Amino acid sequence: MNRPLQTVTGPLPVSSVRGPVLAHEHLALDLTRPTDRGASLEARHAPSVTRELALLRQRFGLSLVVELTCRGMGRDPAALARVSRESGVAVVAGTGWYHEAFHPPEVADACVDDLAAALVEEIEGGPGADGVRPGVIGEVGSHGAAPSEAEARTLTAAAYAAVATGLSLATHAQLGRGGLAQLDLLTAAGAEPHRISIGHQDLLDDPAVHRKLAAAGAYVAFDTVGKESYQSDAVRLRLLLALLDAGHADRVLLSCDISRHGYLTDEGGQGYGHLFRAFVPKLRAAGADEDLIDLLTRRNPLRFLTGGDGTARLAAGGREGRRVPA
């Protein structure tokens with residue numbers, strides 16, 4: 001893990017990330033539609049976002065947020081840089097295209113090669129006017145059992161760009177569905193499984209799928225922790241423990257996917273810290289020791305971002321997914 005992380009304020013040595021990482025979050029976005037006016041984190045919410053992150057840095061040592069708002073999702077790189085500087089928490093920004101309902105016009109008639117070239121130019125062409133460069137590709141999405149034609153193009157383009165730039169790639173699998181199809185498509189386009197995170201798997205109550213993804217070498221993202229209206233944390237914990245007991249602790253990513261202002265603590269929501277305040281204590285009570293917690297919340301996301309392989313876990317003292325008796 002020698003390659004520095006590309007953050008919104010510049011390169012960051014991996015060795016400086018000594019606290020936990022939130023592997024899939026949003027700090028500034030706009031997914032509002034006529035049927036959903038609350039799916040936004042706008043400029044007026046930035047003080048609340050900044051305050052939450054700063055408090056999590058102070059209380060839990062939060063070191064890094066992987067911010068997966070990509071093209072067509074109302075991303076605001078300059079806002080991310082301000083939040084990062086003011087909170088003291090490093091932020092890695094994403095690029096790519098979300099699922100088809102949110103594709104911008106640029107996708108409609110573009111071929112895969114042109115889409116991939118656009119991503120590579122953004123990643124490697126140097127900072128734009130906002131001075132921010134992406135450090136990850138994602139969350140690139142699909143919304144069913146198999147990607148639509150447009151989603152297949154954007155996912156393939158994302159894989160091409162990942163190979164060309166050396167960045168890792170995180171997906172959005174709507175309600176956890178279609179993860180295996182995403183992985184097949186991405187790897188067929190040349191992306192390596194250990195550079196891929198398949199999103200929202202905690203919304204899919206199918207341990208067999210989780211095991212298949214992990215066995216193939218991909219990261220399995222349990223990244224909607226606390227979103228009880230979609231799935232209870234009790235089910236999430238059961239699914240996570242099953243994956244750990246199957247020996248795949250080195251392929252798990254955890255986060256909360258805060259994607260609307262109603263989730264902020266200032267508005268009565270669970271906030272970005274729900275993972276640390278509520279879920280991790282339950283994991284400890286189920287028998288996870290501090291080394292395993294560090295693997296899940298720090299070492300795994302860093303290996304995902306940098307392309308470290310599974311042997312790094314053994315060298316760092318990982319436990320291959322076994323829980324230590326409480």
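Predicted model: local features only at pLDDT ≥ 70, side-chain atom pairs only at ≥ 80, totals over all residues.
Local features need pLDDT of at least 70 and side-chain atom pairs count only at pLDDT 80 or more, whereas totals for chains, interfaces and linings use all residues. Residues are numbered from 1 along each chain as its sequence is written, and side-chain values use heavy atoms, with hydrogens and water left out.

Colleague: What is the radius of gyration of the protein?

Modeller: The secondary structure comes to ten helices and twelve strands, which are DSSP runs numbered from the N terminus (helices H or I, at least four residues; strands E, at least two). For 326 residues the globule rule gives 20 Å, the rule being 2.2 Å times the number of residues to the power 0.38, with the radius taken over C-alpha atoms. The protein's own value is close to that, so it is as compact as a globular protein of that length, with a radius of gyration of 18 Å.

Colleague: How many residues of strand S7 are buried?

Modeller: Buried means under 20% relative accessible area, exposed over 50%, and partly exposed in between, with a 1.4 Å probe and protein chains only. In a regular strand the side chains alternate between the two faces of the sheet. Ala90, Val92 and Gly94 point one way from S7, while Val91, Ala93 and Thr95 point the other way, and all are buried. For S7, residues 90–95, the count is therefore six of six.

Colleague: Which residue of S8 is the bridge partner of threonine 95?

Modeller: Two strands pair if DSSP finds at least two bridges between them. S7 runs parallel to S6 (residues 64–67), with four bridges joining them, and valine 66 has valine 92 as its bridge partner in S7. S7 and S8 (residues 136–142) also run parallel, joined by two bridges, and the partner of threonine 95 in S8 is isoleucine 137.

Colleague: Which helix forms a right-handed β-α-β unit with S6 and S7?

Modeller: A crossover is right-handed if, with the strands pointing away from the viewer, the path from the first strand over the helix to the second runs clockwise. Here the strands are S6 and S7, and the helix, residues 77–87, is H2.

Colleague: Which residues lie closest to the centre of the largest pocket?

Modeller: On a 1 Å grid over the protein atoms alone, a pocket is an open set of points with protein on both sides within 12 Å along at least five of seven lines, a cavity is a set where a 1.4 Å probe fits but cannot get out, and lining residues have an atom within 4 Å of a point. The largest pocket holds about 430 Å³ of space, where grid points are joined across faces, edges and corners and a volume is the space filled by probe spheres set on the points. Of its 23 lining residues, the closest to the centre are Tyr98, His172, Gln174, Tyr230 and Ser259.

Colleague: What is the volume of the largest cavity?

Modeller: The structure holds one cavity of 30 Å³ or more. Strands S3 (21–25) and S9 (169–173) each supply at least two residues of its lining, which includes His24, Thr171 and Asp223. The space in the largest cavity is about 60 Å³.

Colleague: Is aspartate 206 buried or partly exposed?

Modeller: Aspartate 206 sits in the loop between strand S10 (196–198) and helix H6 (207–215). Its C-alpha atom is separated by 9.9 Å from that of arginine 177, 29 residues apart along the chain. Because its relative accessible area is 28%, aspartate 206 is partly exposed.
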